[in-house]
Amino acid sequence: MLVLLVGTGIFLSFRLGFLQFSNLPYALKLAFTRSQDKKSSGDISHFQSLMTALAATIGTGNIAGVSTAVIAGGPGAVFWMWVTAIFGMATKYGEAILSVKYRVKNSKGEMSGGPMYYIERGLGWKWLAVLFAIFGAVASFGIGNLVQSNSVAEALNGSFGISPWITGIVLAVFTGLVILGGIKSIGRVTGFIVPFMAIFYVLGGLIIILLNIKEIPHALGLIFGEAFTAKSVGGGVLGTAVRYGVARGVFSNEAGLGSAPIAAAAAKTDYPGRQALVSMTGTFLDTIVVCSITGLTLVMSGKWVGADTDQSSSLTVAAFNGFLPHVGGYIVTFGLIFFAYSTVIGWSYYGEKCVGYLLGDRSVYVYRVIFTLAVLVGSVSSLKIVWGISDVFNALMAIPNLIALLLLSRVIVAETKIFKDVRRKEKIHGTAKDVTINT
């Protein structure tokens, strides 16, 4: 699975001329520019679409996932997370470009898109599209709901002694208030929560890094040095650092799983290529920025030596506390709470689009109610087995999606060429108003 996920990213990177490097500055500018072409089709802005995707993407994987990778694979695992992200940006780009190109308007006048639509409309394989939607709907209750609400309940109970029942009820109410309003409500909330939580966590990590700047060369030396040792590269099936770095990297940024393009399809955009560049930045922000903060702090602390993977979240707390006594632990705890809650909101949208595809738009309201109640169940339950089931359904989601990306790569390349012509004319004329491309 990991070879297929990363291999698809490498394949698309070569086919697209490594545009994740040349177009990243423009993509970031596009993502965070509030000006929006209101005439374009779509439900939410580029920024809100990216924040919805990041809401689902930035989660426990950025704290517990990175910690697990470093404990099991050593500091070298951080390097392989970076490699995964670099190629994953091309995968995210490809997913988004297909999602916008093949999106449709549903009975409520809202945009619907994602792998199920580009598999059906691009490949003509309805049966594979149905399989993806089933896997996506089930995964939304696992990794997108139960395990996230459980993480919030455990964090609040451990740090403040708050009963999981109280956490579950409050979390369910806040989840219901947001998701019952649909994508526009989700877009508004994630547009506020995601920048706040990411800046809060990243600033805390940057303070630690700046206060211990002399430790950075040693930490980077460990990360790069242990990325290529015999054990890291050749041990086991793929090598410990490679295996855990790639696995946690994919788990964190979700490139290739087929989840993020569902949010991309809702964006107001004139060309698929424009929104695809915005979506691509999600992988960069998630792994290269947020995961790196966790990884560098853990490696500098040295607390990963001899630690057990069951201690993943508590190890991150200990590392932050070691550099910022008392305050550091709260940064991680509140970061985990906001990360997990935002994941619930983001994944609710993914799940409802999968259910809507399978059972029709009327079924979405029932799904939202059941999804909200599941938040309470997750908060008060023991969910070790759910983690395993969630990983399985995430992998099952990826298979149909990666098949479609590889077989429709010619479409991705063709749409990219169209948008390159648009960008060239925009640079000449300074505006997109009079730019017309024969598609």
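**Exercise 1.** In which crossing, left-handed or right-handed, does α13 pass α15? Then classify the angle and list the contacts.

*Solution.* This is a predicted model: local features need pLDDT of at least 70, side-chain atom pairs count only at pLDDT 80 or more, and totals for chains, interfaces and linings use all residues. Residues are numbered from 1 along each chain as its sequence is written, and side-chain values use heavy atoms, without hydrogens and water.

- Step 1. Take helix α13 (residues 240-253) and helix α15 (residues 272-301). Helices are DSSP runs (H or I, at least four residues), numbered from the N terminus.
- Step 2. The two pack at about 125°, with axes 9 Å apart.
- Step 3. The crossing is right-handed (near helix turned clockwise from the far one by less than a right angle).
- Step 4. Gly-249, Ser-252 and Asn-253 of α13 meet Thr-283, Asp-286, Thr-287 and Cys-291 of α15. By class, the contact has one nonpolar, five polar and one charged residue.

**Exercise 2.** Where is Leu-324 placed, and is Leu-324 buried or exposed?

*Solution.* 

- Step 1. Leu-324 sits in the loop between α16 (312-323) and α17.
- Step 2. Its relative accessible area is 17%, so Leu-324 is buried (under 20%; 1.4 Å probe, protein chains only).
- Step 3. Leaving out residues up to four places away in sequence, Leu-324 touches Gly-204, Ile-207, Ile-208, Leu-211 and Ile-331 (heavy atoms within 4.5 Å).
- Step 4. Leu-324 and Ile-207 lie 117 residues apart in sequence, yet 9.0 Å apart in space, C-alpha to C-alpha.

Note on methods:
Axes fitted to C-alpha atoms, helices over the stretch in contact; angles between N-to-C directions. Nonpolar A, V, L, I, M, F, W, Y, C, P; charged D, E, K, R; others polar. Buried < 20%, exposed > 50% of the residue type's maximum accessible area, 1.4 Å probe, protein only.
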